[in-house]
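Below is a short briefing on one protein model, arranged by topic. Please read it alongside the sequence and the coordinates.

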Amino acid sequence: MTVERLGVAGAGTMGAGIAQLACLGELETRLTDPDPAALAAGGERVRADLDRGAERGRWSEGDAEAAKDRLAIVPELDDLAGCELVIEAAPERLELKRELFATLAAACGPEAVLASNTSSLFVTAIAAASKRPGRVVGMHFFNPPALMPLVEVVAGDQTAPATLDLATTVAERMRRTPVRAADGIGFLANRGARPFSLEALRLLGERVATVDQIDRIVRIGGGYRMGPFELIDLIGVDVNLGVARSFHEQSFGEPRWRPHPLQQRLVAAGRLGRKAGRGFYEYGDGPHRADDPEPVASPGHSPEEEGDGGGRRAGEGDGEGTPTLIEGAGFRAHSLERGSLAALAPNDALAVGFLALPDLATATAVEINAGPATAYDALGAAGRHFAALGKHVECLPGDAPGMVLGRIVCQLVNEACFAVGEGVGSREDLDTALRLGFNHPRGPFEWGRAIGPERVLAVLDALAAELGQERYRAAPLLRRWAATDQSGS
Ligand SMILES: NC(=O)c1ccc[n+]([C@@H]2O[C@H](COP(=O)([O-])OP(=O)(O)OC[C@H]3O[C@@H](n4cnc5c(N)ncnc54)[C@H](O)[C@@H]3O)[C@@H](O)[C@H]2O)c1
């Protein structure tokens with residue numbers, strides 16, 4: 001079955017964007033919404049965005065006109081009869097969607113494929129209401145659909161393979177990149193991205209680093225466009241808490257997904273993020289944070305500077321105490337028993353912890369910290385040593401296995417390993433989902449390969465040992481990957 005006529009039910013933010021993509025994909029598109037004002041506004045937005053895209057040279061004026069000619073604004077769901085595929089983008093309420101799917105199934109006939117753009121409901125639960133679940137699928141677009149290339153094609157428990165193929169083909173025709181996901185909490189992308197904000201909140205709650213530091217390390221050291229707290233503020237602290245709650249409740253209390261009390265405290269205080277003028281940052285007239293320092297061209301490394309980090313000396317000859325640099329808390333757990341610097345070097349005045357990801361040669365930022373006995377001079381010498389290598393240096397007030405970037409990234413890898421182990425999707429699709437759905441600079445498996453699965457596992461085991469929390473238990477797939485990895489990293 002091929003698709004030439006596509007219906008979109010719901011003309012809000014997502015529906016209008018999806019309709020625009022369908023028109024550009026040369027599909028006859030019918031857009032409907034029960035609210036006449038929303039329908040008119042949605043139709044207007046599709047046309048205006050098509051014109052704007054032509055002005056900006058994203059497509060030709062001729063293409064925009066042809067796309068507009070393919071758009072029909074229709075007032076009733078019955079007007080979608082004859083569409084081979086209908087994508088639903090109505091409000092995120094299960095009962096509303098179930099009713100809508102029952103009505104759509106009656107209006108469009110048994111052969112039409114019905115797709116839901118739900119981000120957090122089970123496709124299987126929506127599909128059941130249609131009474132022909134084999135022809136129901138999730139097509140999860142990202143906001144704004146016209147700019148975000150990812151579409152998750154989600155299989156409900158009874159979705160037929162031909163239905164998945166059809167949704168995949170249509171996503172490609174809309175010039176999106178489809179990935180396949182099984183039904184489940186958060187599918188691939190939203191699930192895979194959970195640790196980005198949750199682990200940052202835990203680091204803050206444990207006073208390992210400040211809000212500004214965590215965001216800076218993630219931006220400068222990790223290459224992410226935005227730090228986790230800026231992102232939470234942008235999405236809305238209340239919205240972020242709602243997502244966290246939904247994950248936790250739907251999973252019957254998975255410890256990795258437990259919301260953090262800090263989120264609740266901010267919401268209770270009305271610090272809801274950008275929209276409220278205050279969240280983790282203050283949004284006044286000026287910028288909410290200082291610009292990041294310009295990247296420094298790396299002067300390169302001499303071989304002796306590269307070392308494995310474990311117990312080597314640096315800053316020789318600066319006359320200010322020569323620190324023993326102990327690499328990244330947790331990363332050498334196979335040779336050192338415990339993760340944090342306090343556990344590794346409790347009495348050493350010259351011991352300074354550091355972390356550079358994926359390795360010292362390629363890292364743009366280095367995190368350093370002090371143990372309980374570390375002398376101030378040793379910390380200063382370590383900072384100057386890394387600055388001289390062209391690294392951005394952040395001195396953390398706290399101590400934890402994996403420090404900031406290691407802890408966030410290792411939990412991203414761990415979550416991805418759980419998801420793949422549970423059959424939610426493939427490694428490649430998880431990487432694609434996080435790169436294209438959330439602009440991550442690397443997918444979790446790309447991080448895992450760059451750091452080495454054994455080192456990722458070492459951080460998680462050190463966190464589990466030090467914090468005694470089940471959320472740091474390693475995914476079975478990660479343990480097997482670490483045991484069989486031949487890359488030598
Ligand atoms: N906004 C996002 O960032 C985003 C991203 C991915 C997925 N989603 C999902 O997309 C869906 C729509 O979200 P949105 O942000 O576009 O919402 P929205 O509020 O902007 O638009 C929803 C539209 O649906 C209409 N509607 C209400 N009842 C309807 C019905 N019975 N049948 C058809 N239309 C109906 C409303 O009038 C409104 O115009 C939700 O399931 C949401 O979870 C949203």
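**Valine 456 and its surroundings**

Leaving aside neighbours within four places in sequence, valine 456 is in contact with Cys410, Val413, Gly448, Ile451 and Leu478 (contact: C-beta atoms, placed from the backbone, within 7 Å). This is a predicted model, in which local features need pLDDT of at least 70, side-chain atom pairs count only at pLDDT 80 or more, and totals for chains, interfaces and linings use all residues. Residues are numbered from 1 along each chain as its sequence is written.

- Valine 456 lies in helix H18 (residues 453-467); helices (H or I, at least four residues) and strands (E, at least two) are DSSP runs, numbered from the N terminus.
- Valine 456 is buried, with 30 other C-beta atoms within 10 Å; a residue is buried if 20 or more other C-beta atoms lie within 10 Å of its own, exposed if 12 or fewer, and partly exposed in between, with C-beta atoms placed from the backbone.
- From C-alpha to C-alpha, valine 456 and proline 36 are 53 Å apart in space, and they are 420 residues apart in sequence.

**Helix H17**

- Helix H17 (residues 444-451) is mostly covered, with six of its eight residues buried.
- The buried residues of H17 are Pro444, Phe445, Trp447, Gly448, Arg449 and Ile451.
- Their cover includes helix H7 (189-205), H15, helix H16 (427-438) and H18.

**Nonpolar core**

- The largest nonpolar core has 149 residues, and Leu85, Val86, Val137, Ile214 and Val404 have the most contacts inside it; such a core is a set of buried Ala, Val, Leu, Ile, Met, Phe, Trp, Tyr and Cys residues joined through C-beta atoms within 7 Å.
- Helix H15 (residues 405-421) gives the largest share of this core, 11 residues.
- Not counting residues up to four places away in sequence, valine 404 touches Leu203, Val208, Ala209, Ile214, Ile217, Glu367 and Leu396.

**Packing of H15 on H19**

- The axes of H15 and helix H19 (residues 476-484) come within 7 Å and cross at roughly 105°; axes are lines fitted to C-alpha atoms, for helices over the stretch in contact, and angles run from 0 to 180 degrees between N-to-C directions.
- That angle makes H15 roughly perpendicular to H19 (under 35 degrees is roughly parallel, over 145 roughly antiparallel, 65 to 115 roughly perpendicular and the rest oblique).
- Val413, Asn414, Cys417, Val420 and Gly421 in H15 meet Pro476, Leu477 and Leu478 in H19.
- By class, this contact of H15 with H19 has six nonpolar, two polar and no charged residues; Ala, Val, Leu, Ile, Met, Phe, Trp, Tyr, Cys and Pro count as nonpolar, Asp, Glu, Lys and Arg as charged, and the others, Gly among them, as polar.

**The sheet**

- Eight strands form an open sheet with mixed pairing, in the order E3-E2-E1-E4-E5-E6-E7-E8; two strands pair if DSSP finds at least two bridges between them.
- Strand E3 (71-73) and strand E8 (177-182) stand at the edges with a single partner strand each, so one side of each is left without a neighbour in the sheet.
- From one strand to the next, the twist averages 25°.
- Strand E1 (residues 5-9) and E4 pair in the parallel sense over four bridges, and leucine 6 stands opposite leucine 85 in E4.
- E4 and strand E5 (residues 113-116) pair in the parallel sense over four bridges; in E5, alanine 115 is the bridge partner of isoleucine 87 and serine 116 that of glutamate 88.
- From strand E4 (residues 85-88), Leu85 and Ile87 point one way and Val86 and Glu88 the other way, and all are buried.

Definitions and conventions
Two residues are in contact if their C-beta atoms, placed from the backbone, lie within 7 Å.
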